[in-house]
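The plan is to look things up piece by piece and jot down what turns up.

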Amino acid sequence: KLTLLLPEKIKIVYAGLLDTETLTGVILGSDLYCSTTVEDAGPRTIGEAVACGTPVVSFDRCIATDLISDKNGKIVKTYDAIAYAHAIKDILSIDQSERDKMSEECIKSFDYFYDDEKIAKKWKEVLA
């Protein structure tokens, strides 16, 4: 029923469980990753998406608030389905140059958040 509401150019594929290599290929080939979690502290797939340069739309109750900004996706107040739909539409409506910038920002965000030296320094401070 959902696919009947979408424009023809939007394709949704229900893939089921995927191995790591296949999942990476799917994320790399996607224009957008949509995370609908409302309780998961992760999910890991948000980090995987930004590492692949794929913009993310997510609710605001997870790691997305650490990785996503208006430069590389959209954060939406949890349960606001209308804002979530608008965020998807907004990102899918941008031109290729904006999409390329957004992909670059995704990778920058991942590199900043998961910087090994920064993380090691924080652990040393905590454990000192």
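Predicted model: local features only at pLDDT ≥ 70, side-chain atom pairs only at ≥ 80, totals over all residues.

Before I start on charged pairs, I need the rule: a salt bridge is a side-chain nitrogen of Lys or Arg within 4 Å of a carboxyl oxygen of Asp or Glu.

**Entry 1: salt bridges**

How many salt bridges does the structure hold? I get five. I looked up Arg61 and Glu39, and their side chains meet in one of them, at 3.3 Å from N to O.

Where do the two partners lie? Arg61 is in the loop between strand E2 (56-59) and helix H4 (64-67), while Glu39 is in the loop between strand E1 (33-35) and helix H3 (44-51). The pair therefore ties together parts that are 22 residues apart in sequence. I checked accessibility too: Arg61 is partly exposed at 43%, and Glu39 is exposed at 61%.

Next I took Glu48 and Arg44, whose side chains form a salt bridge at 3.0 Å, N to O. Both belong to helix H3, and they are four residues apart, so about one helical turn separates them. Is Arg44 buried or exposed? Arg44 is exposed, with a relative accessible area of 66%. Glu48 comes out as partly exposed, at 21%.

My last pair here is Glu105 and Lys108, with a salt bridge of 3.6 Å, N to O. They sit three residues apart in helix H6 (residues 96-113), which is about one turn of the helix. Glu105 is partly exposed at 23% relative accessibility.

**Entry 2: aromatic rings**

On to the rings. A pair of aromatic rings is described by the distance of the centres and the angle of the planes. I count three aromatic pairs. In the pair of Phe110 and Tyr114, the ring centres are 4.7 Å apart and the planes are at 40°, so I write it down as tilted. Tyr114 also pairs with Phe113: here the centres are 4.9 Å apart and the planes are at 85°, so this pair is edge-to-face.

Put together, Phe110, Phe113 and Tyr114 form one aromatic cluster. How accessible are they? Phe110 is partly exposed at 25%, Phe113 is partly exposed at 25%, and Tyr114 is partly exposed at 32%.

I also looked at Tyr112. Which residue has its charged end over the ring of Tyr112? It is Lys118, 3.6 Å from the centre of the ring.

**Entry 3: nonpolar cores**

Now for the inside. The largest nonpolar core has 11 residues, among them Ile27, Ile46, Val56, Ala64, Leu67 and Cys106. Helices H3 and H4 each give at least two residues to this core. Which element supplies the largest share? That is H3, with three residues.

Leaving out neighbours within four places in sequence, I find Ala64 in contact with Ile46, Ser58, Phe59 and Ile75. There is also a second, separate core of eight residues, including Val76, Ala87, Ile91 and Met102.

Conventions. Residues numbered from 1 in each chain as written. Heavy atoms only, no water. Phe/Tyr/Trp six-rings, centres within 6.5 Å; stacked < 30°, edge-to-face > 60°. Buried < 20%, exposed > 50% of the residue type's maximum accessible area, 1.4 Å probe, protein only. Lys NZ or Arg CZ within 6 Å of the ring centre and 35° of its normal. Core = buried A, V, L, I, M, F, W, Y, C linked by side-chain atoms within 4.5 Å. Contact = heavy atoms within 4.5 Å.
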